[in-house]
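Please open the structure in a viewer and keep the selection tool at hand.

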Amino acid sequence: MGKKILISWLGITDLKAAGQIPSISDEIIGDGPILGALKTLAFDELHLIHEQEQSKADAYINWLAEHATLKVVSIKCSLRSPIDFGDIHRVMDGYLEKLTAKEPGLDVSIHLSPGTPAMTAVSILLGKTKHNTRFVQSTKERGGEFVAIPFDISAEYIPQLVKNADKKLTELSYSEAPLSAAFSDIITQNPELKRTLLKAEKIAVRDVPALIMGESGTGKELFAKAIHNSSLRKGKPFITVNCGAIPKDLIDSELFGHVKGAFTGASSHKIGYFEAADGGTLFLDEFGELPEDAQVRLLRVLQSGEMSKVGDSGSIRVDVRIIAATNRNLAAEITTGRFREDLFYRVAVGIITLLPLRERTGDIAMLADYLMDKINREASNQPGYINKKISVKAKNIILSYPWPGNIRELHGTLLRASIWADTGLITETDLQEAMIERPQQATTSELPAIGGGVDVQQVLDAVKRKYITQALKKTAGSKKEAAELLGLPNYQTLSNWMEKLDIQ
């Protein structure tokens, strides 16, 4: 066993015991916690951490020398407050690091009795997790004694902390729109999307159904919640239903509810989504996934305002505003008979079409910064997390990539990159490792059949756009290197192509 060290804060009671601070009348001080421990426990050295005037600390050490024979090391520190956890941690952790680095084999104990409760708490945390020390306590009656802390912070609490942190990171990856979403939360400087926002604001104040169309990840749920929160139904229920996630044989029960005994397994009454949303808004996400027989029953409810639960012969009235969303081309689905035309026109009173991210000129960089700030804010309490910024080269990759998964893909990529990055800067390597590679389709399948004619220039522009984007991604936005990769004579030719094709 190595040299036995006792680390202790110099407390008020210890100074009173040495006569350095006057005690209250009739107050029984005794030896104080430090001397009490030294009288019953043997140590080679006492390392005394204090923030008192040096003259008082020296006087205490001289007094202590009259009663105990051991080496005393005085450590003067500066604290904003004796209950400031940050300062206490900085001082205690820093000293333990320095001490154990100099002599790795030391037998270190921390005295828990002197000092403030904040000092005790920090000492236990550091001694049980990072520095593996022993602990001492003192009482007037029994003096000093070693005490066991009957729990393992590392084994019992830190895994749960990490588990909770991982759960929070998983929730962040879902990127759901907040319940309080408003139109001001929609970040854009794109003129076309700004016009779409104005349309949505007009639709919001009218109590009519709405249909939001756009690719996956374009923010359809955010728009739906913003419409609800700007409508007369604000404050009433907003119920989200993923139509594509409901098993076909349970759609009626989920939407309209059922009575007890309606079918095998119906052991109690169930309220459906329509009844739950009464007075508010029902958001039918993946609207185009509804099977045809469910479309018929949904149309009937929208036309009459009445619905029947499964197994119930009666009907009830419901007051529900429908906002539907789809990434399907419903007009094409109507042509093929896959979707009912009458249901489409019943819902598509207010139509909103959202742009894919690749067409939102000027928005990608702004969105990347906004999402990165959001990730930093929401992950700030995760163990070991430090705020991240996007490097210039990484941002060039973001600007050159088409983002087929739209905002959801961008958010997920930045979240993964923030986990991979070891420093506060997300590099191009961090970002590329966080991006999900998509299999490339065969070029022949991308070329249109000649049929009754084809616009060759349009096809050529599409091919140029594809390879320019890939080259810029591969070279982290370097036009000179991208031009060489594409076999172009110079980067000015590439710049001219990019300007003509409106590639940012």
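**Around helix α21**

The buried residues of α21 are covered by elements that include α19 (456-474) and α20 (479-485). This is a predicted model. Select α21 itself, residues 491-501: Thr493, Leu494, Ser495, Met498 and Leu501 are buried there. Then display Asn490 at the start of the helix, where one of its side-chain oxygens lies within 3.1 Å of the backbone nitrogen of Gln492. At the other end, Asp502 follows α21 and has a positive phi, near 60°.

**The nonpolar cores**

Next, select Leu211, Phe274, Leu282, Leu284 and Phe287, which touch the most other members of the largest nonpolar core, a set of 30 residues. Elements contributing two or more residues to this core include β7 (210-213), β11 (281-285), α11 (292-304) and β14 (321-326). The greatest contribution, four residues, comes from α11. Centre the view on Leu211: beyond four places away in sequence, its contacts include Phe287, Ala324, Leu330, Phe344 and Ile352. A second, separate core comprises 26 residues, among them Ile375, Trp403, Ala421 and Ala434.

**The α2 and α3 pair**

Finally, select α2 (residues 32-40) together with α3 (residues 54-65). How do their axes cross? The two axes come within 11 Å and cross at roughly 30°. Angles under 35 degrees count as roughly parallel, and α2 and α3 are therefore roughly parallel to each other. The crossing of α2 past α3 is right-handed. To view the contact, show the side chains of Ile34, Leu35 and Leu38 from α2 and of Tyr60, Trp63 and Leu64 from α3.

Conventions. Residues are numbered from 1 along each chain as its sequence is written. This is a predicted model: local features need pLDDT of at least 70, side-chain atom pairs count only at pLDDT 80 or more; totals for chains, interfaces and linings use all residues. Side-chain values use heavy atoms; hydrogens and water are left out. Buried means under 20% relative accessible area, exposed over 50%, partly exposed in between (1.4 Å probe, protein chains only). Contact means heavy atoms within 4.5 Å. A polar contact is a pair of N or O atoms within 3.5 Å; within protein, one must be able to donate a hydrogen and the other to accept it, and residues adjacent in sequence count only if both atoms are side-chain atoms. A nonpolar core is a set of buried Ala, Val, Leu, Ile, Met, Phe, Trp, Tyr and Cys residues joined through side-chain atoms within 4.5 Å. Axes are lines fitted to C-alpha atoms, for helices over the stretch in contact, and angles run from 0 to 180 degrees between N-to-C directions. Angles under 35 degrees count as roughly parallel, over 145 as roughly antiparallel, 65 to 115 as roughly perpendicular and the rest as oblique. A crossing is left-handed if the near helix is turned anticlockwise from the far one by less than a right angle, and right-handed if clockwise.
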